[in-house]
Amino acid sequence: MCSPKLLAFLIGLIYALFVYFLFSGHLFYADSASSLILPVLTLGYFCNVKKRSLYFILFLVLYSMSDLMIIFSDKLLYKLDYFIGNSLYILAYIALIIEIGRNLSFQYIIKNYLFSIIVLFVLNTYIAYVLLQVVHPYLQLSAEYILEIVYNISMLMILSLALLNYFYKDSRKSFYILIGAICIVFAEVINIAYLYVSQQNLLNFFTISLGLIGFYFLYEQAKLKHKKEDKQYTKV
């Protein structure tokens with residue numbers, strides 16, 4: 001079960017089933033199949049990565065738990081499913097944020113990348129505003145609306161930290177984290193369009209496909225070490 005080839009075969013098979021069920025109109029089976037992708041990848045992480053990170057484990061486990069809830073979500077009350085599922089995703093993203101940021105020298109980053117930080121803050125604010133405008137007609141100012149704000153902020157924080165981490169580390173590992181973060185954020189944006197704008201199968205397909213690519217790169221980076229030594233803050 002821990003063989004990388006067997007792992008790749010299982011994920012490929014699950015993905016193929018997702019695509020088949022999606023475009024044949026069996027949406028429940030498609031969603032159920034897609035919810036198994038990350039749990040299998042998480043199993044592969046435990047089997048094939050010897051030096052594991054607690055925060056990355058939390059990210060994988062919490063995200064997998066929320067994904068697996070999709071299988072029996074129709075048996076849960078809507079609000080219970082909504083709040084528990086999205087709260088698990090938020091906690092997973094917070095764990096990933098800590099994982100990316102825990103080895104960064106923020107003193108060095110603020111000193112050398114202040115303009116980039118300002119640009120990222122403005123860009124993230126704009127993206128968060130646009131996403132909220134999309135969901136605003138469907139959610140009143142309530143706990144659900146607040147949860148959406150926290151969800152979007154945590155998601156965008158991952159992308160920002162991944163970019164700053166790449167500037168700081170400049171390694172293949174940090175590049176993989178950045179690619180993974182980009183794919184996950186784009187998958188989330190497309191998923192919002194799928195849920196609130198137009199429930200087209202093609203949007204769902206791109207959501208799961210980009211998510212799979214993102215998780216693959218995050219899985220691969222977990223097996224790498226930074227080749228370059230961390231930059232240290234020095235006075236000029």
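**Entry 1: the model.** I am working from a predicted model.

**Entry 2: aromatic pairs.** I looked up the ring pairs and found 25 aromatic pairs in the structure. I then picked out Tyr-93 and Tyr-151. Their ring centres lie 5.8 Å apart. Their planes stand at 75°, and over 60 counts as edge-to-face, so I logged the pair as edge-to-face.

Where do Tyr-93 and Tyr-151 lie? I placed Tyr-93 in helix 5 (residues 78–101) and Tyr-151 in helix 8 (residues 143–169). The pair therefore ties together parts that are 58 residues apart in sequence. I also checked burial: both Tyr-93 and Tyr-151 are buried.

**Entry 3: the cluster.** Which residues form one aromatic cluster with Tyr-93 and Tyr-151? I listed Tyr-45, Phe-46, Phe-56, Phe-59, Tyr-63, Tyr-89 and Phe-215 alongside them.

**Entry 4: salt bridges.** Next I turned to charged side chains. I count two salt bridges.

One joins the side chains of Arg-102 and Glu-99, at 3.1 Å from N to O.

Lys-223 has 41% relative accessibility and goes down as partly exposed. Glu-220 is buried, with a relative accessible area of 18%.

Definitions and conventions:
Residues are numbered from 1 along each chain as its sequence is written. This is a predicted model: local features need pLDDT of at least 70, side-chain atom pairs count only at pLDDT 80 or more; totals for chains, interfaces and linings use all residues. Side-chain values use heavy atoms; hydrogens and water are left out. Rings of Phe, Tyr and Trp (its six-membered ring) pair if their centres lie within 6.5 Å; planes under 30 degrees apart count as stacked, over 60 as edge-to-face and the rest as tilted. Helices (H or I, at least four residues) and strands (E, at least two) are DSSP runs, numbered from the N terminus. Buried means under 20% relative accessible area, exposed over 50%, partly exposed in between (1.4 Å probe, protein chains only). A salt bridge is a side-chain nitrogen of Lys or Arg within 4 Å of a carboxyl oxygen of Asp or Glu.
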